[in-house]
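Okay, thanks for coming, everyone. Let me put the model up on the screen and then walk you through it.

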Amino acid sequence: MQRKNLFKTILIVFLLCWAIYALWPSYKLNTLTPEKRKMLDDEGKLIPLIDKSIRLGLDLQGGMYLTYELDLPVLVEQLARVKDKQLTEVLSETEQELNAGSEDFMALLMNNMEKRNIPLSQYWGEHGDTEKEIKEWIEKEAKDAMNRSLEILRNRIDQFGVSEPIIQKIGARRILIELPGISDPDQAKALIGKTALLEFKMLKDPLVFSDVINKIDKALAREKGSIIPEETEETKAVKDTSQKAAEQQPSQDKAIGVSELFGDEEITTDEQEKSDTSLIVDENVFKENPFLALLRDLRQYGKEVSVPVENVKAVDRILAREDIQKLIPPDAQFRWSSETIKVGDREYRELFLVKKEAELTGKYLTDAKVTISQDVQNTGLPEVNFKLDRQGTRIFSRVTGANIEKRLAIILDDRVYMAPRIQTKIPNGSGRITGMKNMDEAKMMAIVLRAGALPAPVQIVEERTVGPSLGQDSINRSKWSALISMCIVMLFMIVYYRMAGAIADLALIFNLVFLLAVLAQFRFTLTLPGIAGIVLTIGMAVDANVLVFERIREELRTGKTVRTSIDAGYARAFKTILDANVTTLMTALVLYQFGTGPIRGFAITLAIGIVVSMFTALVLTRYVFDTITARRTLTKLSI
Amino acid sequence: MQFFQTPHIDFVARRKIAYVISASLLIIGIGSLFIPGRPNYGIDFKGGTSIVLRFEKTITAGKIRDALSTIGLGSSEIKRFGTKNEFLIYVEQQKGTSASDMAEKVEGAITKTLPDDSYEIRKVDTVGPKIGEELRKAAVLAVLIALLLILIYIGWRFEFVFAVGAIIALFHDVMITFGIFSILNFEISLKEIAAFLTIVGYSLNDTIVVYDRIRENLKVMRSESLATIINTSINQSLSRTIITSMTTFFVVFVLFLFGGEVIHGFAFAMCVGIIVGTYSSIFVASALVLDWQTRHGDKEHLRMAHKKK
């Protein structure tokens, strides 16, 4: 007995020392005054301290949780040698099935190809490859794309500067990102979600552009021949302050109902959250040239074909129509400018017709830096300077040399940032990009350019953001809940079991200390449901003791001595405690398996709580009882 | 202090009444699932965007609704969230708008229409429709796996009939809690599912304590009938059942009162679950063992089976 107790004494003292050691950084961190905190931060000692403290989940410290999905259909389309209507059809059907909940993209794709009797080799692979080889090749490419995306996102986030981000792959096409304590969620999203595909494309000749506009006009005019805008009550005339800019003759801009242009079809024309359902058209032109009427010539403001932002969606819609697509030269495509310009009280977006084939892409980029422009035109505005690698330099030099006096568009994610006229051959492989709104945007652009482009676009499928104030509130509230619960339970135990209750209370305090120590030591994440789990543990932890005490009472009632009653009580309750706790532990494990973030936090605290409470009930309280009864023989036990 | 000296309540004799109560609760609960719009799945399962905003000044839900109407959303829902200046705005995901743009749209509309009411974004949740579907499947799977594991464990530690009794009792607890959520039209999200699973664990804990006593008493009370053994076992463990349930109920009730809006549903589910779980481990789980056994076997069989363990 004595020796066994000695061993227990050592064990308990050791555990207690360890718990204090593990919890010390957390205690220190939470008792820091703001001034002290700042001081430590300046010395660079705050981060190591945080790293040793209990790690708080996003719901407690605030932050962002994002799940991105890699757009596999787009990736597969990019891999295809030819991109035709049939392929688009197959891929869009596959995508729909994918969204309907099916999992395996490749299986779905194969299935859809087979249904139409198209061999994979029609689009992918090299001559002579078997279907199986092509399938494996696509799968490998998809896997590569995932890994590359993961790497690129990690790079971007690292450069963005977030402490302790989590970036991990989930399944075959998802990436989970956790960004604790982020202050500007929108900026973070803009940075992470960008495909960041940088392309250099030559502008088509202006004559080709106007030819396309003419053709579209004719097509639309034929179709809408009967529609002539009339002055009705709802079509209120809008005075366009930029009317002088439009064409040679003064234009009579007015707002027309959308239906006038599109019949009864319902469309939204609002860009940038404008609930404006009318378009701005040049009345003089509308009748003959319904498409041209949506456009403006802003040459005297240094822009060419521009579109009032109200009309952007409508123009997009027209351009997306299949019959209109046929009027656009097959090697050309329309692209919008990244920025809008303000002329008078109206905003415009510039429209470009560029070659489909990119002359150069961001693949050849080696570096990108933000500087302040020294240009007369852009003085003080941020710009991004980039450097190309050797191969890129060669291509760039050739392209610029061959296209002097022509315009080259610099396009990032399908938005034209600038389209300068090439003055001279550029042999040194460096250049600059302007057209950013502000310093932040320029910095973001430099980061994404350095980190590289994602192999395929990514989309947010799940996003959870918790503001820091809500996190702090949650901490405070749950702290109070835990404290109040503690008091109630402890008081109850003392009232009901007297001295034995006090022993159980002691065990409860140890329980809490050990639980937190385990969390801190193993860097488990404490979430709000996690705190709920702790509170729940407070209630349930006494259970093991209650079981023992009730057994001891029963034994005492049968007239046994205190000593034997205690022994029998523990012995008999042990099996029950074990069975009861193992099952709860099992549910906790299932919860951990299926849950994400916050729920996992709950499963963790619940599981640790159960294990710790078994230890405190079976070892710690037993130890106290043994110590008490070892000194003198008790005839009466306060229980 | 002691609540019960040695109670002699005939629970077993009253099991038929308990069955009627349980069955009616189950029928009402399950029946309520057929009311359109029930159960009220939260954002985790139905997808969409929910934003919690805290305004600096007092504001009405109507004003927010007006602000939102300027951008023409699909179905939206505005409700108070905790304190009086805090609102939760739920909007369905719209076709063609990416999931995460909805939040920006809503914020934009409010900032523009109500420029004088400054606010702080407390929380934004956006769940794509596909994720919602997946989470729903995962939740159902989790509950089923948990039940299966329990079935196996109890089948191994006790007898198969005990495992069946426990599983039915657990199913009963979860379904009644679920039904109460449905009747009150409370929202069910991931946290509530976590609560349901915890109820499974908790109620089982209670049930096992009673089963354990039955197992023990089968060996000691050789001459008694199974009904007497079960009744004695329930009575012997009654004190413990009540005390543990009380302390646990205290804490989840405190959590329900003071824990804040974020875990309100979770705490409520736990409160209900503890009451139902305690009731079922006293009245349902063991009674089921008795009824099954009188129909399919005898006491001797059970006794023999437990001798080995």
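Helices (H or I, at least four residues) and strands (E, at least two) are DSSP runs, numbered from the N terminus. Now the housekeeping. What you see is a predicted model, where local features need pLDDT of at least 70 and side-chain atom pairs count only at pLDDT 80 or more, while totals for chains, interfaces and linings use all residues. Residues are numbered from 1 along each chain as its sequence is written, chains are lettered from A and ligands numbered from 1 in the order they are written, and side-chain values use heavy atoms, leaving out hydrogens and water.

So, chain A. It has 20 helices and 19 strands. Of its 639 residues, 52% count as buried; buried here means under 20% relative accessible area, exposed means over 50%, and partly exposed is in between, with a 1.4 Å probe and protein chains only. Contact means heavy atoms within 4.5 Å. If you take the contacts in chain A with a separation of 6 or more, 70% of them are between residues 24 or more positions apart.

Let's look at one strand, β11(A), residues 346–355. How many of its 10 residues are buried? The count is 8, so to speak a mostly covered strand. β11(A) has a partner in β10(A), residues 332–343: the two are antiparallel, with 9 bridges. In that pairing A:Gln333 sits opposite A:Val354. The two strands form a hairpin with 2 residues between them, and A:Gly344 has a positive phi near 65° there. β11(A) also pairs with β9(A), residues 305–308, again antiparallel, over 3 bridges. There, A:Ser306 is across from A:Glu350. As a reminder, in a regular strand the side chains alternate between the two faces of the sheet.

Now to where the two chains meet. 70 residues of chain A are in contact with 75 of chain B. The buried area between them is about 6,400 Å², and carbon and sulfur atoms give 62% of that. Buried area is the accessible area (1.4 Å probe) that two parts lose on being put together, summed over both.

We also get 21 residue pairs in polar contact across this interface, both residues at pLDDT 80 or more. A polar contact is a pair of N or O atoms within 3.5 Å; within protein, one must be able to donate a hydrogen and the other to accept it, and residues adjacent in sequence count only if both atoms are side-chain atoms. On the chain A side, the elements giving two or more residues include α6, α9, β18 and α17. Which element gives the largest share of that side? That's α18(A), with 17 residues. By class, the chain A side has 32 nonpolar, 16 polar and 22 charged residues. For the classes, Ala, Val, Leu, Ile, Met, Phe, Trp, Tyr, Cys and Pro are nonpolar, Asp, Glu, Lys and Arg are charged, and the others, Gly among them, are polar.

There's strand pairing between the chains too. β18(A) and β4(B), residues 119–127, run antiparallel and are joined by 5 bridges. A:Glu462 stands opposite B:Val127 there.

On to salt bridges: a side-chain nitrogen of Lys or Arg within 4 Å of a carboxyl oxygen of Asp or Glu. Another pair is A:Lys189 and B:Glu104, with the closest N and O atoms 3.7 Å apart. A:Lys189 is in helix α9 of chain A and B:Glu104 in helix α4 of chain B, so this pair joins two chains. A:Lys189 is buried at 9% relative accessible area, while B:Glu104 is partly exposed at 32%.

Here's a local one: A:Asp567 and A:Arg563, at 3.1 Å between the closest N and O atoms. They're 4 residues apart in helix α19 of chain A, so about one helical turn separates them.

Last one: A:Arg551, A:Glu554, A:Glu555, A:Lys560, A:Arg572, B:Arg213 and B:Glu216 are linked in a salt-bridge network. That's my tour, thanks.

Note on methods
Pairing = 2+ DSSP bridges.
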